[in-house]
Amino acid sequence: MAETDSTVPKRCDLEVEKLPDGGVRLTLSGAWTLSETLPSAEQVLVELAREPTPTYITFDAGELDRWESGLLTLLLKIRGECSSRGVPIRPEGLPDGVRRLLTLATAIPERKGARRDGTRPPFLVRVADATISTWNAVQEMLDFIGEAFLSGIRLFRGKARFRRSDFLLIVQECGAGSFGIVSLISLLVGLILAFVGAIQLQMFGAQLYVANLVGIGMVREMGAVMAGIIVTGRTGASFAAQLGTMQVNEEIDALQTLGIAPMDFLVLPRMLALCLMMPLLCLYADLMGVLGGFIVGVFMLDIPPAQYYLQTCGAVRLNDLFIGVFMSSVFGILIALTGCHRGIHCGRSASAVGVATTSAVVTGIVSIIVATAVITILCYIIGI
Amino acid sequence: MSAPTPKITVSNLTMAFGSYLVMQELSFTVNRGDIFIIMGGSGCGKSTLLRHLVGLQRPTAGTVLYEGSRTGFWEMAPEEREPVMRRFGMLFQSGALWSSLTLAENIALPLREYTRLSAADIRDLASLKLALVGLSGFEEYYPSEISGGMKKRAGLARAMALDPDILFFDEPSAGLDPISSRLLDDLILELRDSLGATIVVVTHELASLFAIGSNSVFLDPVSKRMIASGCPKQLLAESEDPRVLGFLTRGEDGLTTP
Ligand SMILES: Nc1ncnc2c1ncn2[C@@H]1O[C@H](COP(=O)(O)OP(=O)(O)OP(=O)(O)O)[C@@H](O)[C@H]1O
Ligand SMILES: [Mg+2]
């Protein structure tokens, strides 16, 4: 390529000219750089299609200034068309570099069967594909739950292998790490519950019962649910992203080839950690929620502190506390399961990690709410 | 040949990660039309040097000066730096393909950002670049669906997308069979001869560095300095340094057939 920086290069141009002996001459001129809009091959293709078919194609590149790969794509297109019409090409007029690069571009023939056609399958086929893949996903999920269960059994028989330091790190990350946000959210939820209740109860002069409302509401349901939702967003998402990235980097495959079950090594410590930490976080959320109600009761409704305390103690039974704590353990397992499942079954690309994380959070929250509903109804039926 | 124009001038470059010194006082010049080889043992800082050259890492000391700019690369304002960087193409050691785009989209992305070409032209260009590295037919594949050597070649195709002025290749022939590796050497020579690119290559492949290299530096991890520079063939013939000779003869002293 001749570097002619001194003069402003001419615009690139392509001229097609019919020669008297039946050939076609293509005259290339100007600078064929990618910053220009390049001439299209259309006029050449039209000339090739016209009767009588040209006997050969020749080039004149005398005025060609400088060129980049845009010229090569055009020539490749013309060459493809020529060879399908059986028109010989006389490349002598092209610069040496162009000819050599064209040879290189065709040096390795296309591998048979590699090319994919971009056509969309018909509607019914797509419906069938979607159904099958949904069914497969359900099976995969059940499979995963089963595996997790077996892995839990291996743990109790002392055969599961994972690193204790990993486990402790996860405990710290999902337990102590969530403290701040759990405090803030549960305190505010307690406040909100008390506010809403106070406005209604004041109408009957029964504002003291705000303590019952907040106490039972927080301890039985809201403490666990709020802690669960926070942990899903924090820890469930981080599990999915972490395991998903490990999947992308073939780190999970590396574990498998060493005979270490990813289930034991990666999923089990996470499940255990959440199962242990969630009840603690739930208890803490209960406390903060009640504190929120206390603040409203004492400072807004002028209930004496001792009375609020006694009223709360009277209202909340031990059963309520157990139900809340039990629920939070269930949530812990659900969050760990969905997070790890999405992560381990993540695709091999950056966007797949994003999808895995999103769906871990969505599935986590949905399963928490569904589980709350089921447990609440069961408790109602049993009568506790 | 007329007097060479310096394309990249590195003077007194020192590279470090925090307090960990990687290399110090590197000074060399890459001329226009060079195929410049960076050699040295594994872990001695070749990839790090490339990252300094393309502007991904700030030198601890020293300057990197590009042709056409008056101040060093890192002394420029960020908006001045950008047009310089746009003339680069880089092949990363691990390919660094965008995993959620197909190979064709990987190559099309810079073209779409920086040129006004039509979608059809961009598609043709992407196919051409893939054909040049022997990957025609794989346009619609995702990076996770191709082999390691193919990823390397696809990364190379992406580096060439904008027909850059200066190309940086980090071990382009690692993971390739001898034939593909040979074709790659031809391609690199062609990129220089036909498209006028200047090329900086990190490579351990002796056959290839003798075949294509016109200039080089040799980094030594022990003294943390460059201990030799010049055309690889000449180094082999003239160098007295046992470290350099050992490297260039794979430790088999006496076998000196490039
Ligand atoms: N992000 C980083 N933080 C700290 N140290 C690093 C970092 N990246 C690289 N290093 C160190 O810098 C040194 C040089 O690394 P570099 O990747 O440049 O080696 P290399 O010469 O390219 O080796 P190879 O031939 O194996 O690719 C190594 O000793 C490495 O430990
Ligand atoms: Mg490296």
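User: Where does His204(B) sit relative to ligand 1?
Analyst: A polar side-chain atom of His204(B) is 3.4 Å from an oxygen atom of ligand 1. Keep in mind that this is a predicted model.

User: OK, and how much of ligand 1 does the protein cover?
Analyst: Taken on its own, ligand 1 has 640 Å² of accessible area, and the protein covers 61% of that.

User: Which residues come nearest to ligand 1?
Analyst: There are 13 residues around ligand 1, and the nearest are Ser42(B), Lys46(B), Ser47(B), Thr48(B) and Gln93(B).

User: What's the distance for Ser42(B), polar side-chain atom to ligand oxygen?
Analyst: That one is 2.7 Å, from a polar side-chain atom of Ser42(B) to an oxygen atom of ligand 1.

User: And for Lys46(B)?
Analyst: Lys46(B) also puts a polar side-chain atom 2.7 Å from an oxygen atom of ligand 1.

User: Which helix or strand gives the most to the shell?
Analyst: α1(B) does, with three residues in the shell around ligand 1. In chain B, α1 spans 46-53, and β2, at 20-31, also supplies at least two shell residues.

User: How does the shell split by class?
Analyst: Seven of the shell residues are polar, four are nonpolar and two are charged.

User: Switching topic: how is chain A divided?
Analyst: Chain A has domain 1 at 13-105 and domain 2 at 147-382.

User: How many Å separate the centres of those two?
Analyst: Taken over C-alpha atoms, the centres of domain 1 and domain 2 of chain A are 68 Å apart.

Notes:
Residues numbered from 1 in each chain as written. Chains lettered and ligands numbered in written order. Predicted model: local features only at pLDDT ≥ 70, side-chain atom pairs only at ≥ 80, totals over all residues. Heavy atoms only, no water. Near = heavy atom within 4 Å. Polar contact = N/O pair within 3.5 Å; in protein donor to acceptor, adjacent residues only side chain to side chain. Areas by Shrake-Rupley, 256 points an atom, 1.4 Å probe, with all protein chains shown as cover. Helix = DSSP H or I, 4+ residues; strand = E, 2+ residues; numbered from the N terminus. Nonpolar A, V, L, I, M, F, W, Y, C, P; charged D, E, K, R; others polar. Domains from an automatic or database assignment.
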